[in-house]
Amino acid sequence: MHTVEHLIAGAWTAGSDRSTVIDPHDGTPVTSAPAATAHEVAAAVAAARAAQPDWAATAPDARAEALRAAATAVEHATGVLARTMSAEMGKPQAEAAASIAAGVGTLRQYAELGPLSGGRTLGGDPGALDLMVPEPRGVVAAITPWNDPVAVACGLLGAALVTGNAVVYKPSERAPATGWLLTKLLAPHLPPGVLSMLAGAAPTGAALAESAVDVVAHVGSTAAGRWIAAAAARTGAKALLENGGSDPLIVDEDVDPAWAAAQAALGAFANAGQICVAVERIYVHAALAEDFLLALVKEAAAFEIGPLVDLRHRAAVHGQVVDALDRGATLLAGGVAPDGPGAWYPPTVLADCTDEMRVVETETFGPIAPVVTVGSFDEALRRAARTPYGLAATVLTGSMSNAHWAWQQLEAGTVKINAVFGGAPGGAAHPRRGSGQGFGYGPELLDEMTATKVVHLEAPPGGW
Ligand code: NAD
């Protein structure tokens with residue numbers, strides 16, 4: 001069992017108020033983790049504040065070199081990190097290793113991009129010099145979720161650190177040992193205090209979001225993101241939010257129903273549906289609905305998934321399935337939690353869904369495919385737009401004009417045509433509405449972590 005500690009001002013400390021994380025595969029205890037108090041939060045923020053000016057004054061190349069060394073350390077520890085991630089949150093180990101590789105790649109990308117990102121010079125009075133200079137924002141609070149814990153943390157931490165910020169990192173209480181191991185790999189490459197780590201749940205995150213930091217970067221649920229945005233408005237910190245989604249998949253009448261069902265299954269069931277850009281609701285044209293549903297049921301039966309993160313989350317997912325059945329949905333596959341230990345839940349297909357069902361309206365974050373049958377492509381677009389979220393959307397169509405009409409109409413940060421996942425490296429989008437604000441990924445995250453200063457330099461009377 002892992003015994004997690006806090007890292008504050010370069011020193012590991014046991015902390016208090018411990019709780020235990022349970023392996024969702026079989027119910028065995030995996031991790032004992034403390035919860036940082038308001039006092040510990042203040043100490044970590046003060047240490048970050050004290051360490052940041054020297055880190056900002058370190059040459060960008062040297063900061064990048066630290067990140068590169070840290071990336072190599074994380075890469076070498078892939079085995080133990082993947083085992084820990086899998087035991088804490090249920091992701092199969094091979095998928096955990098792939099997501100760690102993504103995190104390592106992100107650290108390396110920021111190590112390359114950091115020293116290259118600069119400001120610009122302006123064309124003013126020829127006797128003067130006008131500059132736009134990006135400066136580190138100061139202290140960044142990075143508050144992360146459990147569903148992809150290493151890759152998400154590597155993105156926020158890599159971009160914040162390489163641009164000269166100090167970071168106070170709070171991993172999810174559902175994957176604390178994963179965050180603690182990651183910190184143990186990163187911190188030795190950084191001066192003390194530049195990276196602190198606090199374990200704990202929402203109260204620790206809330207204390208951090210309300211503390212004297214300059215940026216609160218939160219990846220997680222919409223409810224927590226809204227709370228953090230309000231806290232940041234009170235303190236004057238910048239809030240960077242990558243939050244929940246209820247991504248639609250639209251299936252046009254001219255596509256192969258078997259192929260569309262395979263795409264839908266991948267989108268809805270991968271990582272047991274616990275992906276921010278998972279397919280959360282499916283609008284299928286009536287012309288192929290029957291064939292599509294038959295094929296989707298076959299896909300569900302064949303799809304292998306890990307357990308959900310814990311029993312609390314399983315109860316929430318099942319609650320949405322029960323609500324849908326109460327309101328007239330038809331259960332075609334899954335929908336019953338198995339007996340025995342662990343937080344397993346089968347790939348589930350619901351037909352005859354309506355917009356009022358919670359499983360369609362809100363984020364489910366489980367392996368559920370709720371299917372709504374529609375009479376036209378335009379109806380699908382209209383109904384897909386009725387959502388408080390705006391993270392991503394997918395359209396399956398053979399029609400170029402429908403594809404173009406759809407990406408222009410859909411109010412989401414990311415629109416994918418004919419593939420539920422995928423996209424060129426470096427793509428970063430602004431999530432819309434309840435899905436967040438700012439660039440949480442890509443080269444643009446470096447801009448989010450810096451503030452631009454305009455400088456106007458003139459010679460004194462008589463010249464230099
Ligand atoms: P969560 O918001 O409950 O927790 C995420 C982090 O926020 C944790 O560290 C938690 O302790 C902390 N937290 C919770 N309440 C807080 C508060 N009031 N103040 C400060 N911190 C608080 O989310 P989760 O359940 O861990 O993760 C799942 C959610 O994350 C889903 O909604 C998913 O869509 C979203 N997510 C989004 C993206 C994205 O890029 N948009 C990526 C991954 C996950």
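Predicted model: local features only at pLDDT ≥ 70, side-chain atom pairs only at ≥ 80, totals over all residues.

I began with H4 and found Ala96, Ser99, Ile100, Gly103, Val104, Thr106, Leu107, Tyr110, Ala111 and Gly114 buried; buried means under 20% relative accessible area, exposed over 50%, and partly exposed in between, with a 1.4 Å probe and protein chains only. Residues are numbered from 1 along each chain as its sequence is written, and side-chain values use heavy atoms, with hydrogens and water left out.

Helices here are DSSP runs of H or I with at least four residues, strands are E runs of at least two, and both are numbered from the N terminus. What do the buried residues of H4 pack against? I get helix H2 (60-76), helix H3 (78-89), helix H5 (149-162), helix H6 (176-186) and helix H15 (444-448).

I also checked the length of H4. Its 24 residues (93-116) should span 34 Å at 1.5 Å a residue, and the end C-alpha atoms lie 35 Å apart, which agrees. The expected span is 1.5 Å times one less than the number of residues.

H5 has 14 residues and reaches 20 Å from first C-alpha to last, close to the 20 Å expected. Since 14 of the 14 residues of H5 are buried, this helix is largely enclosed by the rest of the structure. Just after H5, I noted Gly164 with a positive phi of about 95°.

From His76 to Ala385 I get 44 Å, C-alpha to C-alpha, across 309 residues of sequence.

**Strands**

I count two strands as paired if DSSP finds at least two bridges between them. S4 and S5 (29-33) run antiparallel and are joined by four bridges; Ile22 has Pro29 as its bridge partner in S5.

Next I looked at S12 (238-242): four of its five residues are buried, so this strand is largely enclosed by the rest of the structure. S11 (215-219) pairs with S12 in the parallel sense over five bridges, and Val219 has Glu242 as its bridge partner. Between S11 and S12 the chain crosses through helix H8 (222-235), a right-handed β-α-β crossover. Right-handed means that, with the strands pointing away from the viewer, the path from the first strand over the helix to the second runs clockwise. S12 also pairs with S20 (436-437), antiparallel over two bridges, where Leu241 partners Gln437.

**Domains**

The domain assignment, which is automatic or from a database, gives domain 1 (2-243 + 431-454) and domain 2 (247-417). I get 31 Å between their centres, taken over C-alpha atoms. How many residues of domain 1 are in contact with domain 2? I find 21, against 25 residues of domain 2, with contact meaning heavy atoms within 4.5 Å. The two domains bury about 1800 Å² between them, 47% of it on carbon and sulfur atoms. Buried area is the accessible area (1.4 Å probe) that two parts lose on being put together, summed over both.
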